[in-house]
Every structure is written in C-alpha cells, then in structure tokens.
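Student: I have a structure open and would like to go through it with you piece by piece. Could you start with the overall make-up and then move on to details?

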Amino acid sequence: MISFSRLPFIFLTITCGISTGEEAVDFSRDIRPILSGKCFKCHGPDSGSREADLRLDLRDAALDAEAIIAGAAHESSLFDRVTTGDLDDRMPPKGKPLSQEEVRLLRIWIDAGAPYENHWAYEKPVPTDLPSGSTHPIDHFVRARLEEKGLRPAPPADPAVLLRRLSLDLIGIPPTIEEVSRFERDPSEACYEREVDRLLASNHFGEKWARHWLDLARYADSNGYQHDDLRTMWPYRDWVINALNEDMPFDRFTIEQLAGDLLPNPSREQLVATGFHRNVATNFSGGSKVRELRADILHDRVSTTGQVWLAMTMECSQCHDHKFDPIPQRDYYELYAYFNQAVTEFAMEGPGMFRKKFIGADLPFVGSRIDKRRVEEISDTIELVAAKLEEAKATALADQVKWEREFLDSDRGANIPWKRFPWNLRGGLNHLRIPPAKRTDDEKLNVEALLFYDHPATGPHERTLDRLKEERDDLVARTMVMKDEKEMVPTNLFLRGDYTSLGEHVEPGVPDVLHPLDPGLPPNRLGLAQWIVDPENPLTARVTVNRFWAEIFGRGIVTTPEDFGMQSPSPTHPELLDWLALEFIRQDWSMKQLIKTIVMSETYRQTATACAEKMAQDPANEWLARGPRFRLSAELIRDNLLAISGRLSRKIGGPAVYPPQPEGLWKEISGADVSHYPTSEGEDRQRRGLYTFLRRGNPNPMVLNFDGSGRSACVTSRDRSNTPVQALNLLNDPCYVEAAQAFAAWIEGVPGDDFSKATAAFRRAVARQPSEAERQALVALYEKHGSWFSVAQVILNLDETLTKS
Amino acid sequence: MKADEIDRLRAGNRSLARREFFRRGTLGIGSLALSKLLQDDLGASIFGNDNAILKSHHAPKAKRVIFLHMVGGPSQMDTFDPKPELDKWDGKSLPEELTRGQKFAFITGDARAIRSPYSFAPRGESGMIMSELFPHLATVADELTMIRSMQTNEINHGSGELFLHTGHGRLGRPTFGAWTSYGLGSENSNLPSYVVLKDQHPNAGPSAWSSGFLPSKHQGVLFRTGRNPLFYLENPHDVSASERGDVIDAIGELNGLAFDRYQDPEIQTRIAQYELAYRMQTSVPELSDLKREPEHVLSLYGLDADGEGGDFAKNCLLARRLCERGVRFVQIFNKGWDHHANIYQALPRSAAKVDRACAGLLIDLKQRGLLDDTLVIWGGEFGRTPMVQENNAGTGAKTAPGRDHHKECFTIWMAGGGVKKGYTYGATDDFGFGVTENAVHVHDWHATCQHLLGIDHEQLTYRHQGRDFRLTDVHGHIVRNILA
C-alpha cells in the first residue's frame, strides 16, 4: 500500500516558515490545525468517509483536484468554499465557519505556494548545534523562548525550597530538617549535584517514579466491572520499582514489559515484567462473551501501546481509517495481529455462564525467604494429609448409602461451604437427590466430593487440607504473565470494528507512516518491541522524555502526552524536545540520567515565587520564567503527610496493603465475592500510597478525591483539581487526624520555646524558614487552644505542604 | 451556641480576614474568583460553575435533570408496552427469522415465549397505556412522554449501564451527568453540580458517574444515605466547631501569606475551598435532613409515618431538595430489576418500591413550579426478552420463570423539561422483541436530552487523544417528535 510518508512533498525542505511581504506562515503551526480541524474529517486520510473524492492532507491530491492553486488563493476552490456567502456551499458544512484569522492565514499560505510539511512527530528528531559555553542546553533552549516572549528567568529558589522540590521529585518524600540544614550551609553546585546523586541512588526513587508508570500500565489489584474479582499483580508493580531503582535502560524496560516472555530463556523477572499487558480490566460478568472479551482486551493492548510509546491514538482506526492521522484501519489490525498471537486467557468456569476465569499463563510467586521455607513446610504437610485422606476414603465409600440418607434428613447442608464445590452442586443438593443408578459420572463424583467432606472418616482431613492450602495460597501468589501460541494465529480486520464481522486477513506489521520494520525482526511482540525502541523511531524517545518533563514541570513540552498526532498542539520548545530525545538515546536510555539532566538545569532550579505581573504574563508557566509549582498527586500527598508526621513506613514492595478506609466500600461492589475489606494492622497502615490495594470497582476515596482513578484504562496525565472535598478529606479522615496527632506529639517534644517548636514544625513540612508573621500565626493558635494538635492540622493542610513549590 | 449562630459570627470574622486580604492588594488572576466569593454563593466554584464552558447553544427547556435509573432492566412488556399477541405465543418459540443472529445473555433464541399476566388500561386524559403495576404513576400519566422504542448495543449490566450513561460500553468515557456539569456548570457553588444517590451500587460502580477524560471535578459526587452523606464530613469527635473554625482561619491566613509569595491563583482557590468545606459541614447535613419537610410532602413520597417509602423514596425527595438548591444533575440508582427468575413475584415488589415516589416526585416538582424546567427520566439499561428464562445461569438449576436481558427494545419515560405531556412514542412488534416504528437509539436519546438542556450534541466536545469526543460519539439524532 502507499505510504503517507513516502509520497513526494515538493516543499518538504521549507521548514522555517515563508514570507510574502506579510508575516511568515508556518504550515505545521498555522495551517495544519485548520485543515485538520475543519477539513480532514471528510477530506482526509479516511477513504471510507471521504467526500467528493477530495483529500486535502496530501498536497498533490489537493493540487490535482484544483482545490488549491499554488500561488493563487482567490482562484482556489478551497479558499472559495470556506469564504463563500452561500451557506449551502460553505465549508465546513457543519459547525463553526473559519474565523477571519484562519481565512487570512490560509490566503497567505496559498498565495505563497501552499507548501506542505510532514508532521514533525513522524520525522526524526533534529539535532541542534549548541553554542559553546557553560550554559546548560535546557537553559539555552528555554531562554531563547523567554527572550522572544519578553520574559526573564527567575532567580534560583531558596536552597531549602529547592531541596524539598528535588526530594519530592526524585523520591516523593520531603527532606528531613537535618538534610535541609546541611544543604543550606553549602548550597553550592557540587553539593546540589551530590544531593541529586544521593536521591537518585535511594531505593525510594523507584517508588516515586513507579506511580507514574503504573498509571500508564493501568495497574490495579482487581478485574473491574461486575464481580470485580481480585487479582495478584503486585509482583509486576515490584518489578517496575526494581527496574527503576536499577536504572534499567528504557529500551530494555520496554522490551521486557512488552515481550519478556519471548526473550531467549526468559528469567522469572522478565516474565513478571510482561504483566504490563495482563493488567487490562476484564469484564467477567454474567453474559459477557469470551470472544468479545478477548477482542476488548486486545484492543486495549493496542491502544495502550500506542499511547504509551508512540503517542499515537489508535482507537479511531478500530472501525475505519483514522480521520486525522495517517493510520489506515489495516495498519491498526496489523498491530492487533501482534497481540492476537497470545494464548487464550480466559474461559468459562463450570457449566453455568456466570463466571469466567483466567487460564492464561501465570507464575507462582513467593514473597520473602521466610515465606519460601513456610511454603515448603506446608507443602510437605499437605502431602501427608492427602495420603491419609486417600486411605480413609474407602471407609467413607463403604458407608455412602447410609450417609446419603442421613445427610438428606439432617440440616447439615446448612453448614457446608458450598462455594468450595463444583458449580453444579451449589444450587442445592440436586445431585444427591438423583437416585444413584441414574447419576452421570460427573454427578457421581460431585456426590462423592460432598461425602468425603462431610463423613467423619474423611471430613477432618478435607478440612485440614482446605486450611493448609488456603494458608499456602496466601503465601504463594500467582501473577499473570504473557504467553504466545506457537502456531501462527490468523488475524482478520474487523469490519466496522465488530469482532463478529471479519474482513481481510492481515499479517503482523507496523504503521507505514513510521520507520520501516527491519525484516530481520521476528513477527511477534518481541519484534514489535524492538521496532518501538529502534533509534530510528521518531516517537518513542520524544514521547518518553516529554512525560518525564511533564512529571517534573507539571506540563509537557507537548501538552497532550498521549497524542503527538496531527491534532496535537505544537510543542512549546520543539528544539528542546528533540535535544532531550537525542540525549536520552545517547545516554543509553538511562531514565536516571535523563532526570538528572533536567534537574541540573537552572530552569528547574528557579524560584516559583512571582510577582503579579509575571504571573499574568504566563499563568500556566508555559515558558518557564519561574520554577514549577503544582499540587502533589494523591499518593504523594499521603506519603508526604505521613512522612511529616513521622509515621510513614519505609518498607518497599510486597503484597498490596489495606490502610483504614470508610466502612462498607467493598460491600457496595455489585456481585462481588470478596466484599470484606481486610483492614491492615501495624506498619501496613502507614505504607506509601502506591501500595494501597486498588480495587477498580470502588477505589479508596482519598485517591479519587485527589484525581487518582480506578485505572480502568491507561492514564497518561492526571488532573489537579482543587475541591472542598479534599479539604474535608485531609481535615477529618482518621488517617490524617492520627497523622496530625503524631505530628503534634513530635512538635511538643521539640526543645525550646513555642516559637522554636512552631519553626521546627513549619520547617519539617515545607523546609523553608517561616516568616515572622507565619510563626506568630502558629503560636497564636497554639496559645488559644493550649495544644499543638490544631497547629499540626493547620500545617498539614497548608497549600505549600500539599504543593511542590 | 448553636451551629448556625457560630456560623454567622464566623462569617463576620472571615469577611474581616478578606478585607485584610484585599488591603494587601496584590490580587492576580484569581481575583475574579475571589470577588465572586465575596458575593457569597455566586462563584468560586470548586465544583464547576465558573468553569461552565458554554452559556447554551440555544435556549434550554430543561435546566436540570433527575435521572431515575432502574438498574437491571425493567421488563417492557410487563410495565408500559402491552403485548396481547404474546398470549397466543405463550409456551412456543418465537419465529426463527426474528431471533436468528441475536445476542442473548443467558438463554438461546429458541427459548419459548411467555405472556404477561398483568392487565393494561388507558390512564389519564391522554389514555396512555400502563400496566396495573404502577397505580400511582397512572395518576400523573398526563405528564409523561413514554418512549417504547429505545435500543441499545449492550446485553450485560456493566456495559449496558456504561452505554446508557456514557454512550460507550467500556470503561473510561464521561457520563451524561459529567457532560452536563462540564457544559452547564452548577447554579450553586456550595454544592456539586452532579450528585449521585443510590440504594445500591449499579454494576459498573463509580464508572457509572465517572468524568472519564473530562476534568475530574465533573465526576458525580456520591451522597450516601444517613446523617453524613459525604465521607469525612464530620469533625473528629474531640474537635469542636469553634476549634475547627480557628483552624480554617489559620489555614486561610497562612495561605494568604503564601499567596503574597507565589501569586499562584490556586492558593486563593484553596483558601475558598477550605472555607466552603467548613460551610458544607453544616449545609450538607441540613440539606439531607428530610425531617424538615412537612408531613404532606413526606406523604407524597410515601415517607409519612405509615408510608412504605424506602431509600428510593428518600432519594427522590432529596433529589428535589438538591434541584431546588441549584444542583444540575441528580442521578438516582434503584437496584432490583434484573428479573431472570421468579419475575412475577419480584417485579410487582420492584414496581411497588418506586411507584409512589415517582408519582410523588412529579407532583412535588409541579407544585413548586420546578417540573417545567426539570427533566425527569425513568428507565433501565436495557429491556427484557419476550422469552422465558427458566434456569439459573450459574447452577443450571430450574427456577420460577423470568426474562433475560434484551437490547433490541425497551421502554423509558420522561417528564417535565420540554417533553410532550401524555405522549407515547415509538412502537414494537407483536412480541415486544424489536422496534417497528420510530426507533430511539441511546445515542438519539442522549442527543435529545442534551438538546432539551440547550446543548447541541455535536458541538459540546472535548479534545482527548487527538479527537473531539462527544457524548453521542459519532451518532445521534434529536427526536423532535417528543419535544413539547
């Protein structure tokens, strides 16, 4: 098929704008958004919805159709149709007409010869020649823009504030007063770099940055939808933490998650990494169909892969050619084919239609060394008891006729845990009531299962086994991993996206608009992953550095981290984006090095304070004339408040935990087998936010209140809302009330007078010294109530405490 | 001192603090929000109203919505869509050409048909036909538009609910309520624009009131039944109202100092939010205290001393109170309509639980002049099959007869807010299996509801993943015939 990128573009070399005596018009910046927003829907890449056989996304086609006559706007039918007063003829037929400004830009552009450009994101990043000198490249690029905008960079942040910012960014935990004081004594470049290196080396680094990745990986601890059964994916979460801590290169990080199972002799860790694509929410409700379910899950894998690595939004192409981006439906299903190779992952359970279960590949997973020993002990005991049970079965069988009569006459049925038995026994004692001679083999086995459970000769052994197995299951988690069929699974396009309407056959392949697939790569997920991290790929590195940038500065250089397509806003600093991408690859895809590069810039180290005028000039801090300042994520607010109060557990990894939450939330989940929330005891109540059990069907309210989600789908950026419900949460949730109590006790213990105590408390939360007015306000509150509790609550709820400044 | 007295005193104190704030002078971007806050209830919304993205595309007929979702899928042929012909088919399989290729959740296409045992009669002056299961609703038949020709794409509860609320059968899209909040905002900055009430969770859980990819402030806020409708509304037991007031004031004062330093308007919003949180601690319990309603109003809903109104009735009354206070969208979930088995025992019970309160709600709204611009909607996520289901889907055990899920046709009714009165629209075949006339797909219904709210469903869009999404996806036609 004809590739979008390989068509001739006559004016391809003109990239820096054109001038016709009027101001310069830039195709990518000024014209493509108009064409894409107003025209491509009917005159773009989607052949299925193309009107009048006209496409405007290709210059040659637009010229051939005389929609555009290069150099003559007033003779071009495109121009005529968007400006005509005849409403029947005017384009676009629906929605707002072009604004005067858009018309003007279009005219200048056509008069100048209507030069097209390839979309920047599908071209390789361009290196910039940096001037010699000691200016950090990031500062070089940022300042060039500031100058254009008439803005000046801000002075460096107060050392205490800077160290807090750095600490929150790198490990998500605020610095101690001692760390702050040490840095204040010598805030030199060398000391700053030492702090950066210290924090990058901390094992809490992986925890901080895992949260960001787990949103993308839609990691959760339950299936979602009706029933919302639990799943064990925390080994995958721990894999992410470890990989980040080890600074696994991003290309490796990608390959192991997308295709670790297809590597030669994959290690356990490499298999666990493939949990990335087993994280998909899964609808196991009553009437859901297995084929439909599989299609849903594979669509999610394609879409998530597209968003996370390529910032290409694939969803549209499920049903038809993409209307804006050069992704034909066929390309979509070629990608789908890579995922369609997966083994069957779920099946009906039992004869009923109510439940399905996972049957794909999984791995037993034992936590600690102590656990391993205990698991071995239990397994040995299970063998012994099982042998005894086998012996005793003869006794029970000999007694079966008498037992059946007795059992039916008794009310012992009320004490049987029916869920333990095969589905077809649950509805009552149906099979037992069938005369023995008429029972099928299955029915006989079912009745025997009940006999063995209830008969005094075998029952005790059965119950012991149940208990032992349950104990072992608690220690041995099975976590889901990817696995492919050995034989090639054929893939067909779905007509209109309907999985029951198969279209033409497709082979695994990648979008034609991007770099070509090396024919030496295997036609499976491993090949796909290798293609994704090929340095020829114009997107992966850019998309990744953009997300890291957004996590640190609060907004990306491209503000739509999931979409670098035709409809995406242009990068604010295109040269910077390209430089970071190339630097990322040059540094062997080191994520820690990338972060270090960013935080070593002066741009990062600027103060976030501003005067009203500066704020008004750039309210969103698009141009970075001041340091980043924005509210922390739900998880970091929790970590931060617990750390300030001195209660935060520093334990890393392991099964998800159950800190206290309002009662009854799990009971509200429709059709849930597991409705009891097993509130943790001890240290597990104070773990970091990313370890809190994430039940998709009813997530912890604090997480939702602060813009987290049930991770039902890939989340590339979170909101930062500001609501009264958040205030109530932090003021009244027992978790934060207890934190305030602990913090108050700590303040009480600070040596010195009330002013010293108030100062220490303030420093512990926001690092910097309080002003005199701030100290006065805190002490006045203490004096009024005679306790530090109110003061502690105030400090834990300050905007500055909840914000990275 | 009573709570409201403390409140008044504190309001005075805080206006002093605000004057102090102004005296310091440096008001930046956030000054607009702050000045609105000074006019008390008009602005500075957290919950959304200063962020309403449009006035309206055209003059709205409805300013607000109360959506009564009967979770599980009520049986249309036993309630509002009589099928006398089905009597003849009772016990027989339906014609194969009808059922071929159709998806069912649990039964198969050849399952035998089962008649409805209920008597139907014309009600009100309009003669709208209803079954005997809704005697109270029958008294307000002349207020209703009945749509018998609804269609959806999904046959399972979770996905069906999502389709009904978001126009898409999978997780992740914004709901009708979230779109409404996004488009129109709230009329009361002290309350969310989108409130959810329920006796039980729907199957899709909180995804049924999610903001999807819209800003998260547009997600529905769940008010629970009982004294504290919101989590964390009550002070810790040893913190007095006055101590809390001092804490809020101190937070405000210190945040004010931080604002001087950073000029970040988010800080001003946060000051306002903490003050609002404090006010909500009084206003929300008051709002949910139904005992403040007079006896004659309570009895409308069956909530008087010998009334039988339960959580659903309470939620209906609370919905009215919320609407009076400017809440834009009240979503009520009532569970118990998934009658796979034993439908003829269970359905009358389900109907009895909602009948009186539904009628009461319409009468109450009308008496207050609210019905004209409140759109009330009643319906489930799909309908039920004319064929019987006789086995438990899980165990296979024989059960008393029921009906399976059905997406090809179902019935909903609407009232108030710009829809015709006493009007029946659309028709289904003799079996109640498929639509024969004037099909209204969920997308069309969304387009129509948005139209009533003054929203052009093709124009209210949100850019996500490079695409301008809307509630109606790429579909939806306004059903002009039902517009008053």
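Tutor: Chain B has a secondary structure of 13 helices and 17 strands, where helices (H or I, at least four residues) and strands (E, at least two) are DSSP runs numbered from the N terminus. Please keep in mind that this is a predicted model, in which local features need pLDDT of at least 70 and side-chain atom pairs count only at pLDDT 80 or more, while totals for chains, interfaces and linings use all residues. Residues are numbered from 1 along each chain as its sequence is written, and chains are lettered from A, with ligands numbered from 1, in the order in which they are written.

Student: Ok, and what percentage of chain B counts as buried?

Tutor: Of its 484 residues, 58% count as buried, and a residue is buried if 20 or more other C-beta atoms, placed from the backbone, lie within 10 Å of its own, exposed if 12 or fewer, and partly exposed in between. If you take the contacts in chain B between residues at least 6 apart in sequence, 75% of them join residues at least 24 apart, a contact being two residues whose C-beta atoms, placed from the backbone, lie within 7 Å.

Student: How many residues does each chain put into the contact?

Tutor: Chain B gives 66 residues and chain A gives 82 residues. On the side of chain B that touches chain A, α6 (157-166), α8 (241-262) and α9 (265-288) of chain B each supply at least two residues, and the largest share, twelve residues, comes from α8(B).

Student: What classes of residue are on that side of chain B?

Tutor: There are 29 nonpolar, 25 polar and twelve charged residues, with Ala, Val, Leu, Ile, Met, Phe, Trp, Tyr, Cys and Pro counted as nonpolar, Asp, Glu, Lys and Arg as charged, and the others, Gly among them, as polar.

Student: Switching to chain A, where does helix α10 bend?

Tutor: Helix α10 (residues 204-216) of chain A bends by about 35° at A:A210, the bend being the angle between axes fitted to the seven residues ending there and the seven starting there. Eleven of the 13 residues of α10(A) are buried, so this helix is largely enclosed by the rest of the structure.

Student: What covers those buried residues of α10(A)?

Tutor: The covering elements include α7 (159-170), α9 (189-201) and α11 (234-245) of chain A, as well as α14 (290-310), α23 (540-553) and α28 (634-645) of chain A. After α10(A) comes A:R218, whose phi is positive, near 40°.

Student: And how many residues of α30 in chain A are buried?

Tutor: Helix α30 (residues 724-732) of chain A is mostly covered, with nine of its nine residues buried. Those buried residues pack against α29 (701-705), α31 (734-749) and α34 (789-796) of chain A, together with α9 of chain B.

Student: Last topic: at what angle do α32 and α33 of chain A pack?

Tutor: Helix α32 (residues 754-766) and helix α33 (residues 772-785) of chain A pack at about 115°, with their axes 9 Å apart; axes are lines fitted to C-alpha atoms, for helices over the stretch in contact, and angles run from 0 to 180 degrees between N-to-C directions. The pair α32(A) and α33(A) is therefore roughly perpendicular, since angles under 35 degrees count as roughly parallel, over 145 as roughly antiparallel, 65 to 115 as roughly perpendicular and the rest as oblique.

Student: Which residues meet there?

Tutor: A:D754, A:F755, A:A758, A:T759 and A:F762 in α32(A) meet A:E774, A:R775, A:L778, A:V779 and A:Y782 in α33(A).
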